[in-house]
Each structure stands twice: as C-alpha cells, then as structure tokens.
Amino acid sequence: MFAIEVHELTKRFHQFIAVNQVTFAVREKEIFGFLGANGAGKTTVIRMLCGLLTPTSGTAKVSGYDIQHEVFQVKKNIGYMSQKFSLYEDLSPLQNINLYAGLYRLSNSIRKERIDFISHRLQLINTNSKRVKDLPVGYKQRLALGCAILHQPKILFLDEPTSGVDPSARQMFWDIIYEEANYGTTILVTTHYMEEAEYCSQVSIMDQGKIIAQGTPKEVKQLVHAKTMQDAFLKIVEKARS
Amino acid sequence: MDFRSIFAISHKEILHILRDKRTLFVAVAMPVMMLLLYGYAIDMDLKNITVGIYDQDQSNHSRKLLERVLANQTFIQTAHLTHYNQIEQGFRTQTFRVAIIIPHQFANSLAQKKQTPIQVIIDGSDANSANIIMNSISASIQSFSLEFFQTQLNTPNIPLINIQSRIWFNEELKSPIFIVPGLIALFLVMVCALLTSVALAKEKELGTLEQLLTTPIKAQEMMIGKLLPYTLIASIDATLVLLIGRYLFQVPLKGSVFALVVYSAIYLLVALGMGLMISVLVKTQQLALMSALVATLLPTLLLSGLIFPISSMPKALQVISYIIPARWYIEIVRGVMLKGINWFPKNAFILFSMAILLITMSTRKFHQQLKKGELTT
C-alpha cells in the first residue's frame with residue numbers, strides 16, 4: 001500500500017516549469033528522501049502534496065485522497081514543516097503549539113498528553129516564558145517540527161528540516177524522525193546534505209524539475225559506481241545535464 | 001464549521017493584540033482623540049467676525065444702527081476707519097472681514113424720509129461664511145429700518161408679515177450637534193477597517209499563513225476567527241465615542257439606546273467587512289493600511305453628508321454616496337439621537353446587506369485563493 005502516489009505531476013509558473021512530469025510512489029512507514037540542489041523543484045512538489053499549490057497537470061494521492069478534490073481530507077492526515085520558519089515570532093512556543101492543537105482539533109486529554117510529550121522529547125520546556133523571536137534557530141526548528149507532529153499525522157512532510165542546525169542537533173532531529181517512522185508515520189523529507197540521504201529507505205534525486213534517479217541509497221550509488229552519496233549525486237546530476 | 005478552529009484562531013489573534021500594546025492603544029484611543037480634536041475644531045458657527053466701520057455721519061442714528069449690528073456676538077469691531085483707502089488696506093491685512101460704510105447725510109436723509117443707502121463690503125474668499133454674514137447683517141439692518149419706520153409714523157402696529165421661525169432638533173444650531181454624529185460614523189469605519197485590513201495581509205507578508213493553510217481549516221472558520229476579536233475592540237470603540245458624543249458634546253439622545261446599539265453593531269460589521277475585503281485582496285500590511293485609509297477617510301468625509309448636504313451634490317456624486325456605508329448610518333444616528341426616531345428599516349437593511357455582501361465576498365475570494373494556492377509565494 002502506498003502512502004503517496006504521484007503521477008506525472010507538473011507545475012508551471014508562467015513560462016517556467018518548476019516541476020516537470022514527476023512520477024513516484026512512497027510506501028507506508030517509509031522515510032523517503034528527496035535530494036536536489038536549491039531550485040530543483042523539491043519544495044514545489046511538497047507544496048502541491050500539502051494542498052498549498054494546485055498542479056498545472058498530473059495527479060497525486062496522499063493517504064489515499066486526491067490532492068485536488070479531497071484537499072480537506074489530505075490536510076487532516078498530514079503534518080508539514082516548511083523550509084522557512086513560519087510560526088508566530090511574537091508568541092511563546094506553547095502559545096504556538098496550542099494554536100496548532102486547536103487547528104488540528106485535538107481533544108483536551110490528547111492535547112495535554114501530546115504537548116507534554118513534545119515539549120519533553122524536543123526539549124522545549126523552560127522556553128515558554130520567552131517569545132519565539134528570542135529563541136535560537138535550533139529551538140525554532142524543533143518547535144516547527146513539534147507543531148508538525150503534534151497531531152500524529154499519517155504522513156509528515158519535512159522541507160529542509162535540518163538546514164541551519166548544528167551537527168548534534170541534526171542528529172537529534174534524525175533520531176526523532178526515526179522514532180516517528182517507527183510509530184508508523186510515512187516521512188517525505190528533502191535535504192541537500194547528502195550524508196543524510198543514507199538515513200532514508202528510498203531516495204529520489206531531482207534536478208531542474210525532473211526526477212533523474214530513484215531507488216534505495218545503495219542502488220543509487222551503484223548506478224554510477226560511487227562510494228558516497230555526495231559522489232553519486234554529483235555524477236548523476238552531471239550525467240543528466242550533459 | 002468547527003468551533004475549535006475558530007476559537008484557536010481568535011485566541012491567537014487576541015494574544016497578538018495583547019502582545020502589541022501600541023496597536024491596541026491606537027485602536028482604542030485613536031477614535032476618541034480624533035473625535036475630541038475634530039469635534040471642537042470643526043465649528044461652523046460664525047463667531048467673532050471682525051468688522052471695520054467707517055461712520056462718515058457720526059450721528060445718533062448711525063450709532064444706533066451700528067449698535068444693532070454689533071449687538072449679538074457674531075461681530076466685533078476691530079477697526080475704526082477714517083478714510084476709504086483704509087478699507088482695502090484692512091481687507092488685505094485681514095484686520096477685518098466685513099466693512100460697513102455709513103455715508104454723510106445718513107441721518108438727514110432718513111429725516112427727509114428718502115431712500116437711504118449704506119454700504120456693506122464682505123470678504124468673499126470664504127463664500128459660505130460670506131453668505132451667512134450677509135444674511136445676518138441685512139437682518140439687523142432690516143429690523144432697524146422697520147423700527148425706525150414705525151416710530152416715525154407713530155404707529156407701532158402696522159400690519160406686516162412677521163416670520164415666526166423655529167428650528168427643530170438643534171434649536172441653537174450648534175455645530176457639534178450636527179457634526180459629532182457624522183464624526184462618530186467616520187472614525188468607527190476608519191478604525192475598524194484599518195484594524196481588520198492587516199489581519200490577513202500581515203500573515204501573507206510574514207509567511208505564517210502558509211503553515212496555517214496546511215491544517216484542515218476552512219475559509220469561513222478563518223474569517224470568523226479573525227473577525228471576532230476585532231468586533232470586540234470595535235464595540236469598545238463605538239461605546240466610547242457614543243458616550244463622548246452624548247456627554248461631552250451634549251448631543252441629546254432622544255431615541256432609544258437599544259436601537260442605537262443595534263444599528264451601530266450592524267455598521268461595525270460593514271466596517272469590519274471592508275477591512276477584511278482589503279485584507280484578502282492585498283499582500284502587504286503597508287498596502288492594506290493605505291487602502292483602508294483611502295477607502296474610508298475621504299469618501300466618508302466628503303460623500304456621506306457628514307458636512308456637505310447630499311441633496312446639493314451633483315447627481316453623479318449622489319449616486320456614489322449610496323455605496324458609502326456612513327451615509328446610511330449618519331442618517332440613523334442623527335435620527336435616533338436628535339429626533340428620537342428609532343425605526344430605520346431601509347437604512348438598517350442596506351447596511352446589513354452591505355455587511356453580508358462584504359463578508360461573504362471576502363470569504364469566497366479567500367476560499368478561491370486557498371483552492372488555487374494563490375496565497376503563498
């Protein structure tokens with residue numbers, strides 16, 4: 001059973017084709033890595049899958065619901081952490097979390113339990129007297145992740161979750177991502193740190209709006225006889241562009 | 001619709017407002033301060049009009065005539081002229097705005113029962129006041145001339161038509177009583193539109209809307225959630241300005257308080273709806289504030305009948321005035337407060353329709369943008 005099925009998805013902004021007939025599928029409970037340089041079209045794909053953008057053509061199903069005609073159902077089942085921090089800087093972390101708990105319509109008991117869990121697991125306690133804008137970047141990223149997993153979504157979209165975060169915090173991030181996957185969440189994550197691709201069960205490399213390679217990290221490396229993911233990525237992109 | 005989403009949005013919005021004390025202060029204090037300022041400044045009563053007098057006759061009669069003109073507080077004499085040159089001089093230096101010239105032979109001419117001219121020159125650069133000044137002076141002189149005529153004939157009871165005019169609803173023709181209800185309408189629409197105009201525009205600009213839109217929230221939940229806290233602030237504003245109008249400017253309240261509250265609530269909804277519409281259409285806070293100001297301030301000031309009577313406007317402007325919410329609300333406020341009329345079904349219906357139209361149109365537009373993914377960049 002697939003959690004995400006994408007078929008020839010295309011997004012055009014005027015003359016510019018951001019996403020060009022992309023087809024892929026993500027199995028349930030999988031960590032699916034989306035690799036690519038900035039501007040490759042990763043974010044545009046994710047935003048279409050979250051119902052933030054309408055595709056120009058093609059279809060996609062998220063958790064079995066059509067992203068164009070069943071947006072409301074799609075949104076109920078996903079969590080999204082955007083590349084750009086987009087929570088409220090003038091509120092405290094807890095006030096932000098409470099807002100999303102309300103928007104995801106959590107019942108009072110579940111709300112309390114989840115907020116407790118998240119503030120402990122993401123080490124967000126002791127920050128609630130502060131406004132978000134006074135917190136360091138790492139905290140903000142964790143808070144954003146917290147708001148995205150608050151309602152235990154079936155599918156989690158993480159757009160560059162570790163950019164700007166120091167290495168030890170990145171490790172913690174991946175630990176949490178693994179934990180979520182173990183709970184049964186399907187995860188689609190974009191990154192341009194190639195070593196992080198090794199954590200994924202499936203990867204897909206995007207360049208200039210197209211998917212140019214797909215498979216397990218091992219398969220992708222073997223494709224171009226590369227030792228590291230970094231090496232494989234460079235070779236694949238070079239080949240695709242020539 | 002889910003009340004939890006509405007509550008979550010409203011709660012967040014209230015937190016924003018409480019965090020930002022300056023905006024809150026502006027929202028509550030601005031209409032109050034503006035009402036005080038404008039209420040006292042826009043005074044169209046004529047008082048202390050400066051007069052220069054050139055009395056060539058220096059007779060008993062000429063003095064009596066001048067006394068009559070200067071009797072009420074409308075005019076004060078600021079110059080005593082002895083030469084014609086001084087008249088033009090006086091107007092140029094603004095020593096006076098009116099000159100009265102009583103010719104030599106004034107008393108003699110009256111004694112001989114001849115037509116006796118005197119000259120009144122008025123500064124016409126302010127046409128409106130000039131008109132009122134002229135009427136006031138001619139009235140004084142007419143009454144003087146009538147009395148003179150009666151004493152000369154020794155018959156105090158000549159059958160003449162005597163106008164017994166009465167002015168209703170504002171007996172002393174006080175400006176504040178006329179102006180303040182209009183100002184209430186103006187400042188309410190301005191503040192409410194300004195407040196709500198940034199509600200969505202701010203989130204678009206900061207990018208926080210994107211995250212909100214990945215949750216299962218519906219357009220109408222978002223709109224209602226956003227509107228509720230601002231409705232509360234707007235109601236506080238309305239209460240304050242109505243109280244100031246009533247007790248500080250002594251605008252009478254002859255009709256029912258309940259009626260006034262109900263009509264004002266409908267009017268506030270229109271104003272909030274205008275702000276919401278702007279918020280849906282623009283993408284930055286700056287643009288939202290500018291649009292809200294442009295959409296409310298001048299149209300309301302000029303086309304609502306606040307100062308200038310709608311009946312004397314050109315036909316085209318009269319038609320435009322139909323879509324100005326304040327036009328309908330000012331009629332109501334003046335009616336309820338000054339005349340004690342509580343029943344304004346037409347005005348209430350028009351305002352209510354405007355509110356419904358604005359709010360549903362902006363919700364629908366927002367819903368479309370949401371579906372098309374136009375809200376994020």
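Trainee: Hi! How do the residues of the lining of the largest pocket divide into nonpolar, polar and charged?

Mentor: Hello! This is a predicted model, and in it that lining has 15 nonpolar, eleven polar and nine charged residues.

Trainee: Thanks. What volume does the largest pocket have?

Mentor: The space in the largest pocket comes to about 970 Å³. It is lined by 35 residues, and those closest to its centre are Met44(B), Asn170(B), Leu173(B), Lys174(B) and Phe178(B).

Trainee: Which elements give two or more residues to that lining?

Mentor: Look at α6 (127–153), α7 (175–206) and α13 (325–339), which belong to chain B.

Trainee: And which element gives the most?

Mentor: That would be α13(B), with seven residues.

Trainee: Okay, which domains does the lining of the largest pocket draw on?

Mentor: In chain B, domain 1 (3–43 + 175–372) and domain 2 (49–153) each supply at least three residues.

Trainee: Let's move on. What is the volume of the second largest pocket?

Mentor: The second largest pocket holds about 770 Å³. Its lining counts 34 residues, with Asp20(B), Thr23(B), Val198(B), Lys202(B) and Gln285(B) closest to the centre.

Trainee: Which elements should I look for there, giving two or more residues?

Mentor: Find α1 (3–19), α2 (21–41), α7, α9 (219–248) and α11 (285–303) in chain B. The largest share, eight residues, is from α7(B).

Methods: Residues are numbered from 1 along each chain as its sequence is written. Chains are lettered from A and ligands numbered from 1 in the order in which they are written. This is a predicted model: local features need pLDDT of at least 70, side-chain atom pairs count only at pLDDT 80 or more; totals for chains, interfaces and linings use all residues. Side-chain values use heavy atoms; hydrogens and water are left out. On a 1 Å grid over the protein atoms alone, a cavity is a set of points where a 1.4 Å probe fits but cannot get out, and a pocket is an open set with protein on both sides within 12 Å along at least five of seven lines; lining residues have an atom within 4 Å of a point. Grid points are joined across faces, edges and corners, and a volume is the space filled by probe spheres set on the points. Helices (H or I, at least four residues) and strands (E, at least two) are DSSP runs, numbered from the N terminus. Ala, Val, Leu, Ile, Met, Phe, Trp, Tyr, Cys and Pro count as nonpolar, Asp, Glu, Lys and Arg as charged, and the others, Gly among them, as polar. Domain bounds come from an automatic or database domain assignment.
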